[in-house]
Amino acid sequence: LLEKYHQLLSRIDYYISIQQTGSPKTFAETLKISVRQLYYYLDWLRDFGVSILYCRKRRTYYYKTPGHLRLQVFFEEK
């Protein structure tokens with residue numbers, strides 16, 4: 001399950017970082033998810049402080065500050 005989300009978030013990051021997402025509908029289709037799910041993931045990333053913006057003129061999402069997501073999962077024993 002974690003691998004599935006990791007792959008999806010990595011793909012979201014890739015397309016945003018190269019500013020080639022297209023419209024929300026196109027981006028969702030590329031990711032094989034619904035537009036509603038796309039908005040959910042984008043909001044979730046924004047909740048973690050990722051500045052994701054959308055340019056209507058260029059029809060793409062982009063990071064306010066160029067960069068990439070770094071996704072890690074840690075397991076800590078008690």
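These questions and answers tour a predicted model, with a stop at its largest pocket and another at helix 3.

Visitor: Which element gives the most to the lining of the largest pocket?
Guide: The lining includes Leu2, Tyr5, His6 and Leu9, along with Tyr40, Tyr41 and Trp44. Two elements give two or more residues to it: helix 1 (2–17) and helix 3 (35–47). With 4 residues, the top contributor is helix 1.

Visitor: How many residues of that lining are charged?
Guide: The pocket has a volume of about 240 Å³. Its lining holds 8 nonpolar residues and 2 polar ones.

Visitor: How far apart are the end C-alpha atoms of helix 3?
Guide: Helix 3 has 13 residues. At 1.5 Å a residue, they should span 18 Å. The model agrees, with the end C-alpha atoms apart by 18 Å.

Visitor: Why do the buried residues of helix 3 lie on the same side?
Guide: The buried residues are Leu38, Tyr41, Leu42 and Leu45.

Visitor: Which residue takes a positive phi just after helix 3?
Guide: Look just past the end of helix 3. The phi there is about 95°. The residue is Gly49.

Note on methods:
Residues are numbered from 1 along each chain as its sequence is written. This is a predicted model: local features need pLDDT of at least 70, side-chain atom pairs count only at pLDDT 80 or more; totals for chains, interfaces and linings use all residues. Side-chain values use heavy atoms; hydrogens and water are left out. On a 1 Å grid over the protein atoms alone, a cavity is a set of points where a 1.4 Å probe fits but cannot get out, and a pocket is an open set with protein on both sides within 12 Å along at least five of seven lines; lining residues have an atom within 4 Å of a point. Grid points are joined across faces, edges and corners, and a volume is the space filled by probe spheres set on the points. Ala, Val, Leu, Ile, Met, Phe, Trp, Tyr, Cys and Pro count as nonpolar, Asp, Glu, Lys and Arg as charged, and the others, Gly among them, as polar. The expected span of a helix is 1.5 Å times one less than its number of residues. Buried means under 20% relative accessible area, exposed over 50%, partly exposed in between (1.4 Å probe, protein chains only).
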